[in-house]
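I am opening a notebook page on this structure, and I will write down what I looked up in the order in which I looked.

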Amino acid sequence: MADDFGQDLPPRVTGADADAIERSVEAALRPRSLDEFVGQQTVRDQLALVLRAAVRRGGSADHILLSGPPGLGKTTLAMIVAGELGASLRVTSGPAIQHAGDLAAILSSLDEGDILFVDEIHRLARPVEEMLYLAMEDFRVDVVVGKGPGATSIPLTLPAFTVVGATTRAGLLPAPLRDRFGFTAHLDFYEAADLARIIARSAGLLALDVDADAASEIASRSRGTPRIANRLLRRVRDWAEIHGSGKGDLAAARAALTVYEVDDRGLDRLDRAVLGALCTRFGGGPVGLSTLAVSVGEEPQTVEEVAEPFLVREGLMTRTPRGRVATPEAWVHMGLTPPANGASGMGQPGANDGHSRLFDA
Ligand SMILES: Nc1ncnc2c1ncn2[C@@H]1O[C@H](COP(=O)(O)OP(=O)(O)OP(=O)(O)O)[C@@H](O)[C@H]1O
């Protein structure tokens with residue numbers, strides 16, 4: 001296989017392999033200590049206190065709940081907690097634990113002081129959830145052996161361990177589970193200045209020369225999210241290596257982000273598809289989440305958790321009891337004329353036809 005210049009290309013990596021490569025690069029960029037963790041000052045200060053107190057007492061730390069949108073550093077913080085406590089980390093997730101028996105097996109294999117990281121903890125099944133919060137409280141579980149009238153319950157004492165739960169939907173956690181966490185932190189979207197620092201740090205780890213202007217440009221289009229900042233940085237590196245001088249300067253950043261369809265406010269293809277559908281197909285709304293998701297060919301959960309928080313925060317979409325509504329600013333951003341009667345209505349593409357811009361993008 002050869003590229004446009006007649007050079008041999010490596011085989012294209014797609015699907016699961018490509019995801020695995022992205023994940024391993026992401027893992028390499030993870031801060032390993034609270035000092036390396038950029039931004040989220042309040043959370044860092046509070047967590048540092050929790051961890052120092054646990055170390056001083058020589059016991060395990062309180063259970064910790066981390067909430068916030070994807071890519072803001074919840075997994076990273078869980079790893080940092082284990083690192084700072086010098087503890088082993090066991091990683092699982094809500095959807096991965098199907099039955100209470102699966103959880104009992106995990107819990108019974110823990111050692112004193114271990115950290116059990118439960119990602120997407122809001123997606124645990126109810127019986128699993130109940131077993132977990134009893135185990136968090138009393139450090140014991142009742143394992144049911146057998147079925148029907150002959151079933152017996154064997155109490156099992158567990159070593160003291162710490163659960164670090166991560167969730168994008170803290171509101172979905174039932175109160176008894178939420179109450180078992182001694183420390184709860186909410187991660188918020190990052191300021192552009194913090195993202196620029198994260199980009200500079202990651203560039204150093206990737207041995208890429210990125211100047212301050214380029215770091216700011218990438219930061220301003222990263223939707224307040226470190227994972228996106230790191231991903232865009234890697235795309236800028238690709239562009240710089242293939243088309244540029246190898247340096248990550250402002251021109252390389254702008255050119256790369258144009259190629260990858262990330263606009264000047266950081267909206268990507270999905271964001272623009274959602275806004276475009278909202279304005280052009282549903283007259284600006286209100287429209288229900290499922291209908292909106294179907295119209296852009298995505299899962300409702302993806303639209304709700306990936307696109308929406310950013311669009312709402314940017315003032316481009318509002319959530320009302322009757323559904324999602326495009327704000328006048330959204331129409332303007334899409335190059336459309338807002339309807340005369342306010343945020344919603346049957347507006348039509350305006351003179352600078354944003355419809356073509358949407359579908360060209
Ligand atoms: N404060 C930070 N400083 C530096 N890098 C960060 C920070 N927060 C996150 N990152 C980087 O962003 C990437 C994503 O972080 P992480 O996987 O911890 O997010 P998450 O909140 O667990 O996401 P998800 O909810 O999707 O699991 C990681 O590669 C990590 O290196």
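Before I list any neighbours, I note that two residues are in contact if their C-beta atoms, placed from the backbone, lie within 7 Å. I also keep in mind that this is a predicted model.

**Entry 1: the two annotated arginines.** I started from UniProt, where an unreviewed entry places the feature "binding site" at Arg 319 and Arg 324. I found Arg 324 in strand E9, which covers residues 323–326, and Arg 319 in strand E8, which covers residues 317–320.

Which residues does Arg 324 touch, not counting residues up to four places away in sequence? I listed Leu 278, Gly 285, Pro 286, Val 287, Leu 289, Leu 292, Met 317 and Arg 319. For Arg 319, leaving aside its neighbours within four places in sequence, I noted contacts with Val 312 and Arg 324.

Is Arg 324 buried or exposed? I wrote it down as buried because 27 other C-beta atoms lie within 10 Å of Arg 324, and the cut-off for a buried residue is 20 or more.

**Entry 2: the domains.** I then looked up how the protein chain is divided, and I recorded domain 1 (31–186), domain 2 (193–259) and domain 3 (269–360). The C-alpha centres of domain 1 and domain 2 lie 34 Å apart, and the contact between them takes five residues from domain 1 and eight residues from domain 2. On the side of domain 1 that touches domain 2, I noted two nonpolar residues, three polar residues and no charged ones.

**Entry 3: around the ligand.** How many residues surround the ligand? I recorded 22, of which the closest are Pro 70, Gly 73, Thr 75, Thr 76 and Pro 226. The elements that give two or more residues to this shell are helix H3 (74–85) and helix H9 (226–242). When I looked at the shell by domain, I saw that at least three of its residues come from each of domain 1 and domain 2. By residue type, the shell divides into nine nonpolar, eight polar and five charged residues.

**Entry 4: helix H8.** Last, I turned to helix H8 (residues 212–220), whose buried residues are Ala 214, Ala 215, Glu 217, Ile 218 and Ala 219. I noted that the buried residues of H8 pack against helix H7 (192–205), H9 and helix H10 (250–259).

Technical notes
Residues numbered from 1 in each chain as written. Predicted model: local features only at pLDDT ≥ 70, side-chain atom pairs only at ≥ 80, totals over all residues. Near = placed C-beta within 6 Å. Helix = DSSP H or I, 4+ residues; strand = E, 2+ residues; numbered from the N terminus. Nonpolar A, V, L, I, M, F, W, Y, C, P; charged D, E, K, R; others polar. Domains from an automatic or database assignment. Buried ≥ 20, exposed ≤ 12 C-beta atoms within 10 Å, placed from the backbone. UniProt positions renumbered as here; feature names shortened; annotations may be inferred.
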